[in-house]
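Trainee: Please pick one part of this model and take me through it closely. I would like to see how it connects to what surrounds it.

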Amino acid sequence: QVQLVESGGGLVQAGGSLRLSCAASGSIFRINVMAWYRQASGNKRELVADMSSGNMTNYAASVKGRFTISRDNAKNTVFLQMASLKPEDTAVYYCNANIQMYRWIQGRDYWGQGTQVTVSS
């Protein structure tokens, strides 16, 4: 099986920074896209940023220029560096990865358990 474990959430003042990490473990042949989503209370889950295996990135307009996604492929880990945080960034942040367990099996999406990020004004 495959597991995604996130870390790095917490409480920070507006203008501050946080770094989220997500490590994938288990039976992994290849990881395709890795991404971060977030879900604020009462809202739908939304894409924050994603990164392909070829290091192409995509950001939500609301975080572009403030957040940076990166990967350490040797450690099957994805990071989200968040800067200039705003109260509206408060949400549960979820790691997502499209993972192939074996060469002959199509990749499927896996989710982390979520980590709370709270930005106080």
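Mentor: Gln 100 counts as buried, because its relative accessibility is 9%. Here buried means under 20% relative accessible area, exposed means over 50%, and partly exposed is in between, with a 1.4 Å probe and protein chains only. This is a predicted model: local features need pLDDT of at least 70, side-chain atom pairs count only at pLDDT 80 or more, and totals for chains, interfaces and linings use all residues. Residues are numbered from 1 along each chain as its sequence is written, and side-chain values use heavy atoms, leaving out hydrogens and water.

Gln 100 lies in strand 9. Strands are DSSP runs (E, at least two residues), as helices are (H or I, at least four), and both are numbered from the N terminus. A polar atom of the Gln 100 side chain lies 3.3 Å from the backbone oxygen of Ile 105. A polar contact is a pair of N or O atoms within 3.5 Å; within protein, one must be able to donate a hydrogen and the other to accept it, and residues adjacent in sequence count only if both atoms are side-chain atoms. Set aside neighbours within four places in sequence, and Gln 100 is in contact with Ile 28, Phe 29, Arg 30, Asn 32, Ile 105, Gln 106 and Gly 107. Contact means heavy atoms within 4.5 Å.

Now move along strand 9 to its pairing. Strand 9 and strand 11 pair in the antiparallel sense over three bridges. Two strands pair if DSSP finds at least two bridges between them. Tyr 93 has Thr 115 as its bridge partner in strand 11. Not counting residues up to four places away in sequence, Tyr 93 touches residues including Leu 20, Trp 36, Val 48, Phe 67, Leu 80, Met 82 and Val 117.

Thr 115, Val 117 and Val 119 point to one face and are buried.

Next, the core. Tyr 93 is one of four residues, with Trp 36, Leu 80 and Met 82, that touch the most other members of the largest nonpolar core, which has 31 residues. Strands 1, 3, 4 (30-39), 5 (46-51), 7, 8, 9 and 11 (115-120) each supply at least two residues of this core. Strand 9 gives the largest share, five residues. Such a core is a set of buried Ala, Val, Leu, Ile, Met, Phe, Trp, Tyr and Cys residues joined through side-chain atoms within 4.5 Å.

Met 82 sits in strand 8. It is buried, with a relative accessible area of 0%. Beyond four places in sequence, Met 82 touches Gly 16, Ser 17, Leu 18, Leu 20, Arg 66, Phe 67, Tyr 93 and Val 117. Met 82 and Arg 19 are 63 residues apart in sequence, yet 5.9 Å apart in space, C-alpha to C-alpha.

The structure holds one disulfide, a disulfide being a pair of cysteine sulfur atoms within 2.5 Å. Cys 22 and Cys 95 form it, with sulfur atoms 2.1 Å apart. The angle about the S-S bond is -80°, and the link is left-handed. Cys 22 lies in strand 3 and Cys 95 in strand 9 (residues 91-100), so the pair ties together parts that are 73 residues apart in sequence. Both Cys 22 and Cys 95 are buried.

An open sheet of four strands has the order 1-3-8-7, with antiparallel pairing. Its edge strands are strand 1 (2-7) and strand 7 (67-72), each pairing on one side only. Strand 3 (residues 18-26) pairs with strand 8 (residues 77-82) over six bridges. There, Ala 23 stands opposite Thr 77. Six bridges also join strand 3 to strand 1, running antiparallel. Gln 3 has Ser 25 as its partner in strand 3.

Ser 70 is found in strand 7. It counts as partly exposed, because its relative accessibility is 28%. Leaving aside neighbours within four places in sequence, Ser 70 is in contact with Met 51, Thr 77, Val 78 and Phe 79.
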